[in-house]
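User: Please examine the following model and answer a series of questions about its fold and selected parts.

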Amino acid sequence: MPILDDEKYLLNLLQQNRLLTPEQRAFVESRKAQQRQLLLRQHSARRKTDTGREQDDTLNFVDIIASLNLSLGDQKGQLLTEELIFRAVAKDLGLPFKKLDPLELDLKTVTKTIPRTFAFRHLLLPFAFADGVLEVAICNPDNKTVLAEIERANQLRVKPYLATKSDIRKTLAEFF
């Protein structure tokens with residue numbers, strides 16, 4: 001099972017990191033089916049990308065949790081966001097987290113290293129090239145096959161960074 005759909009793993013991780021209270025966990029567990037249906041209806045209404053294909057925009061459990069707009073643990077006024085969830089997962093997996101800022105990215109690296117359709121299909125973004133290593137923002141830490149394909153195609157090492165789906169989607173749209 002993909003890690004971003006492993007409900008028990010994510011809920012335990014968020015609770016251990018005090019991002020979710022036991023009461024909020026129970027709320028998520030009671031609302032997850034309803035919220036999934038709501039998000040699927042919204043997702044199916046989303047328009048296709050300009051490539052004529054849908055993005056690999058599969059709904060995962062992170063999307064469900066983030067869409068519930070829960071307070072951050074016991075803190076009122078701060079929300080449990082997609083970014084906070086991804087940061088917790090990245091830390092737990094030992095992956096660096098990357099907050100994407102289009103102004104800091106190299107146009108050539110983003111647009112010339114990986115074909116546009118491949119980047120949209122797999123929701124990943126090459127953002128830097130240093131010392132023979134291509135740094136790539138991914139939102140699916142389980143997709144090692146795609147990273148191996150990039151290494152093989154470009155004949156260089158790839159270093160994955162975890163980034164949110166929304167950051168990758170937004171940055172791809174800006175650059176392409």
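User: What percentage of the contacts in the chain with a separation of 6 or more comes from residues 24 or more positions apart?

Analyst: This is a predicted model, in which local features need pLDDT of at least 70 and side-chain atom pairs count only at pLDDT 80 or more, while totals for chains, interfaces and linings use all residues. Residues are numbered from 1 along each chain as its sequence is written, and side-chain values use heavy atoms, with hydrogens and water left out. A contact means heavy atoms within 4.5 Å. Among contacts with a separation of 6 or more, the share from residues 24 or more positions apart is 65%.

User: What is the radius of gyration of the chain, and why does it agree with a compact globule?

Analyst: The radius is taken over C-alpha atoms, and the globule rule is 2.2 Å times the number of residues to the power 0.38. Along the principal axes, the C-alpha atoms fill a box of roughly 50 × 35 × 30 Å. Because a compact globule of 176 residues would have a radius of gyration near 16 Å, there is agreement with the value for the chain, 17 Å.

User: Which residues of helix α8 are buried?

Analyst: Buried means under 20% relative accessible area, exposed over 50%, and partly exposed in between (1.4 Å probe, protein chains only). On the face of α8 turned away from its buried side lie the exposed Ala173 and Glu174. The cover over the buried residues includes α3 (61-67), α4 (82-93) and β3 (124-130). Within α8 (residues 165-175), the buried residues are Lys165, Asp167, Ile168, Thr171, Leu172 and Phe175.

User: Which residues are in contact with Pro96, leaving aside its neighbours within four places in sequence?

Analyst: Pro96 is found in the loop between α4 and α5 and is partly exposed, with a relative accessible area of 28%. Its C-alpha atom is separated by 21 Å from that of Phe61, 35 residues apart along the chain. Beyond the neighbours within four places, the contacts of Pro96 are Ala90, Lys159, Pro160, Tyr161 and Leu162.

Definitions and conventions:
Helices (H or I, at least four residues) and strands (E, at least two) are DSSP runs, numbered from the N terminus.
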